Amino acid sequence: MNFRSFRAVQTLHRTAQNRAFTSWLANSTIYSCGITNGSQLGIQKTSSFLSNSQTAFPLPRGHKISSAVAAELSIFSHGIRSVTTQAKAPPQVRQMGALKVSMLSPGFIYEPYSPRQPIPFWQRWFTRSGWRRTKDDIILELKSAYAIAKLRKKGYSKQKFYVEAVNLYKEINTLIANGDKTSLRKAVTENMYSALKNEIKLRESKWKKVYWEMIVPVVKIRTLRARMIGVDRNDLEKVFMQLTLEILAKQKFEAYNSEGAVVAGDKSKEVLVRDIWVFEKSLFHEGAYWRLCGRIPI
């Protein structure tokens, strides 16, 4: 009996060890996947302090990044958000199981821009909430800086892109005003086209004709955010780039009913309009060009 009891206890001990090892292994796998996915998050603003990787970030003298913050920043070493592992894709795509590399657009805006509320100096540097906010701000800037650095390797020029973006902004607004859905399809992504088509249909039910004009040059244009979306975790070159721009321009608008009478606006007056648009481009499709993929409500 003593020998059998000893064997039973030994068996139970081994079983417990195996279960503990299995549990640890499962947790390690999940943690490893988390790091892999995290390293593929996307990285606004053109920064000169990044070249091949974000090896430095200017901080005020006397301040150091803690090990916890450094660990969080390290997940942006690749600067890419993986669509297949983390991004929430449209329902029809999720039914397929994963996005295909041959896709023309991810179909969503990754980390839509929202303005950061300013906080007092003392709160930023002398409170825990301020430290967390500073850390988050640094991470947001690093993401954008890395995305811009990636674009530069592909021949990106901020000034040339701004000229292209303004022309695209004017073209799309003109097409919307004219109700030219055929030409509009080429200038926007698939999801954006569906939204604009419904917008035009709703407008045409109220107004027969619309006059729109933009006064050039624009008053202001700047980059608010830059993000990358990866579609293949095994090939970091297969990414989509999304740039969020703020465009401030003077415009003229007038709407007419079926009888040709003015029912809204006044084309003799200039109105200052602020828009936040998101432009998207594939970096791995041959002949790809910038298209409108979304508009941020203001």
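Reader: What makes Ser 282 part of a strand?

Author: Ser 282 lies in strand S5, which covers residues 271-282, and strands are DSSP runs of E with at least two residues, just as helices are runs of H or I with at least four, both numbered from the N terminus. The model is predicted, so local features need pLDDT of at least 70 and side-chain atom pairs pLDDT 80 or more, while totals for chains, interfaces and linings use all residues. Residues are numbered from 1 along each chain as its sequence is written, and side-chain values use heavy atoms, without hydrogens and water.

Reader: Why is Ser 282 called buried?

Author: Ser 282 has 8% relative accessibility and therefore counts as buried, because buried means under 20% relative accessible area, exposed over 50%, and partly exposed in between, with a 1.4 Å probe and protein chains only.

Reader: How do you know that the side chain of Ser 282 makes a polar contact with the side chain of His 285?

Author: The two side chains come to 2.7 Å, and a polar contact is a pair of N or O atoms within 3.5 Å, where within protein one must be able to donate a hydrogen and the other to accept it, and residues adjacent in sequence count only if both atoms are side-chain atoms. The side chain of Ser 282 also reaches the backbone nitrogen of Phe 284, at 3.2 Å.
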